[in-house]
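Please look over the chain and its fold before reading on.

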Amino acid sequence: MERISLKLKQASAVLGVPPKDLQNLVQLGVIRAAQRDNVCWFDTNLLLQAKVAFYLKEALGSSSDLLARFTEALAQDLGKLEIKDIRDISLRSRPLNGTDAVEIRIPIRSLAQELKSGLPLALAYGDLPKGRKRAGWKTEFLRNLQKVSADLGDVSEEQILRAVRKDRSGRKKPPEISIVARTKKKTA
């Protein structure tokens with residue numbers, strides 16, 4: 001992927017997550033964004049680390065401490081890897097008593113491709129200083145509201161509330177967990 005440098009709002013648009021969620025990852029130490037003049041800057045490696053962290057969080061519901069440890073391990077090797085040559089990576093975590101490790105397979109190439117396809121969104125997201133509005137934002141907002149109300153037509157408030165609840169409940173579903181049994185290959 002090409003080398004880029006994005007601010008928080010632009011990076012969140014590329015990742016497809018709210019800026020607050022990305023900011024939380026930075027504040028909790030899950031990812032370590034470079035800071036210049038109190039502004040977080042994200043490069044391609046950091047975006048990929050964030051993508052993996054969100055992927056793990058969505059798939060496993062992991063705690064921020066665990067996510068931070070996983071992304072730290074990933075960050076150490078990410079600079080050495082050629083993403084185009086790798087389909088997936090395995091993350092292993094071994095308990096202190098030295099028993100078998102838990103292994104998680106992450107589809108790193110497909111996550112990198114999702115990031116690459118989302119990069120044009122960074123240009124659409126202007127990163128304005130806090131508290132400042134774009135010129136003409138009110139008329140644009142009202143025009144968009146009028147379009148939405150025309151599209152809705154004769155939809156009741158109850159139907160809207162049901163649709164919102166359904167969408168929110170769909171987001172809160174627990175991750176899918178499956179078991180794949182691996183057997184030893186027989187040798188002659």
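What follows is a short briefing, grouped by topic.

This is a predicted model. The protein has 8 helices and 5 strands. Of its 188 residues, 27% count as buried. A search of the whole structure finds 3 salt bridges.

**Overall architecture**

- Read from the N terminus, the elements run β-α-α-β-β-α-α-β-β-α-α-α-α.
- Take the contacts between residues at least 6 apart in sequence: 57% of these join residues at least 24 apart.
- The accessible surface comes to about 14,500 Å². Carbon and sulfur atoms account for 51% of that surface.

**Helix α2 against helix α3**

- Two packed helices are described by the angle between their axes and the distance between the axes.
- Helix α2 covers residues 19-27, and helix α3 covers residues 44-60. Their axes come within 11 Å. The crossing angle is roughly 100°.
- Angles of 65 to 115 degrees count as roughly perpendicular, and α2 and α3 are therefore roughly perpendicular to each other.
- On the α2 side, the contact is made by Asp21, Leu22 and Leu25. On the α3 side, Ala50, Ala53 and Phe54 meet them.
- By class, this contact of α2 with α3 has 5 nonpolar residues, 1 charged residue and no polar ones.

- Glu114 and Lys51 meet through their side chains in a salt bridge, at 2.9 Å from N to O.
- Glu114 lies in helix α5 (residues 108-118) and Lys51 in helix α3, so the pair ties together parts that are 63 residues apart in sequence.
- Are the two partners buried or exposed? Glu114 is partly exposed, at a relative accessible area of 40%. Lys51 is buried, at 13%.

- Asp88 forms a salt bridge with Arg87, where the closest N and O atoms are 3.5 Å apart.
- Asp88 also forms a salt bridge with Arg105. Here the closest N and O atoms are 2.6 Å apart.
- The pair of Arg105 and Asp88 links distant parts of the chain, 17 residues apart. Arg105 sits in strand β5 (residues 102-106). Asp88 sits in the loop between α4 (64-78) and β4 (89-93).
- Through shared partners, the salt bridges join Arg87, Asp88 and Arg105 into one network.
- Asp88 has a relative accessible area of 19%. The cut-off for buried is under 20%, so Asp88 counts as buried.

**Gln49 in helix α3**

- Gln49 is found in helix α3.
- Gln49 is buried, with a relative accessible area of 10%.
- Which residues does Gln49 touch, not counting those up to four places away in sequence? They are Ile31, Thr71, Leu74, Ala75 and Leu78.

**Ala34 in strand β2**

- Ala34 has its place in strand β2, which covers residues 34-36.
- Ala34 is partly exposed, at 41% relative accessible area.
- Leaving aside neighbours within four places in sequence, Ala34 is in contact with Val39, Cys40, Trp41 and Leu46.
- Ala34 and Leu46 are 12 residues apart in sequence. Their C-alpha atoms are 9.3 Å apart in space.

**The loop between β2 and β3**

- Asp37 is found in the loop between β2 and β3 (39-42). Asn38 is found in the loop between β2 and β3 as well.
- What is the phi of Asp37 near? The value is near 55°, which is positive in a residue other than glycine.
- Asn38 has a positive phi too, of about 60°, although it is not a glycine.
- Asp37 is exposed, with a relative accessible area of 76%.
- Asn38 is exposed, with a relative accessible area of 77%.

Note on methods. Residues numbered from 1 in each chain as written. Predicted model: local features only at pLDDT ≥ 70, side-chain atom pairs only at ≥ 80, totals over all residues. Heavy atoms only, no water. Axes fitted to C-alpha atoms, helices over the stretch in contact; angles between N-to-C directions. Helix = DSSP H or I, 4+ residues; strand = E, 2+ residues; numbered from the N terminus. Parallel < 35°, antiparallel > 145°, perpendicular 65-115°, else oblique. Contact = heavy atoms within 4.5 Å. Nonpolar A, V, L, I, M, F, W, Y, C, P; charged D, E, K, R; others polar. Salt bridge = Lys/Arg side-chain N within 4 Å of Asp/Glu carboxyl O. Buried < 20%, exposed > 50% of the residue type's maximum accessible area, 1.4 Å probe, protein only. Areas by Shrake-Rupley, 256 points an atom, 1.4 Å probe, with all protein chains shown as cover.
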